[in-house]
Amino acid sequence: ALAREGKTTLVGQLAVSLARAGRRVILVDGDLRRPRLHRTLRRNLYPGLAELARNEATASEIVQATDLEDLYLVTAGHCDAASLEAVSQGRLDSFLNSLRDQFELVLIDSSPLLTTADSLILAHLADGVVLSVVQDRSRLPRVFEAVQRLRAVDLALIGIVLHGTSPSRYRSYYRSYTIDVEARKS
């Protein structure tokens, strides 16, 4: 829903896990205003999506190999008003759709849902959306608002991933849930 709720960490770890499992994955940094994936994967920021949107780079120039076999990256590039306008006009749609033909999985890291329209624009190209929520940081009304925003534009919410739960807290919850379920069965 908002910044600093683990979305970049989540999508990065998911991409690495899937690539290590032998899947051909491309990770797209669609957070044009606050890109981070280039740092995480130690790649150049540009050329990236912004340069492609402004016709300053070609599709083949912005796809970067990473140190991990089967994992590729498209960085955000250097964002400006012209690249944001291009995104809003759908100038990246054909490129992002073409990635489906080249890769088994296309994962897009976007800007937070409640702060910009960019994320909803990119989400229309996706099969589904996963929300990232951080224990004791994310606020339920904001998470609910993000879900409502997705529903309002008919975007599929695949699920919500909760970060920051201590193992002891989870075990306690899981234990009480298991006991309750088993009690209902008998």
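Biologist: How many bridges join S5 to strand S6?

Modeller: 6 bridges join S5 to S6 (residues 157-163), and the two run parallel. Strands pair if DSSP finds at least two bridges between them. So S5 and S6 count as a pair. Val 130 stands opposite Gly 159 in S6.

Biologist: What kind of model is this?

Modeller: It is a predicted model, where local features need pLDDT of at least 70, side-chain atom pairs count only at pLDDT 80 or more, and totals for chains, interfaces and linings use all residues. Residues are numbered from 1 along each chain as its sequence is written, and side-chain values use heavy atoms, with hydrogens and water left out.

Biologist: What makes a strand or a helix here?

Modeller: Both are DSSP runs, numbered from the N terminus: helices are H or I with at least four residues, strands are E with at least two. The chain has 9 helices and 6 strands.

Biologist: Why is S5 called largely enclosed?

Modeller: Buried means under 20% relative accessible area, exposed over 50%, partly exposed in between (1.4 Å probe, protein chains only). In S5 (residues 129-134), 5 of the 6 residues are buried, so the rest of the structure largely encloses this strand.

Biologist: What makes a crossover right-handed?

Modeller: Point the strands away from the viewer; the path from the first strand over the helix to the second must run clockwise. S5, helix H8 (residues 140-152) and S6 make a right-handed β-α-β unit.

Biologist: Which residues of H8 are buried, and why do they line one face?

Modeller: Val 143, Ala 146, Val 147 and Leu 150 are buried. Down the axis of H8, the buried residues fall within an arc of 95 degrees, so they line one face. The arc is that of the directions from the helix axis to the C-beta atoms. The face turned away carries the exposed Pro 141, Phe 144, Arg 151 and Ala 152.

Biologist: What covers the buried residues of H8?

Modeller: The cover includes helix H7 (118-123), S5 and S6. Contact means heavy atoms within 4.5 Å.
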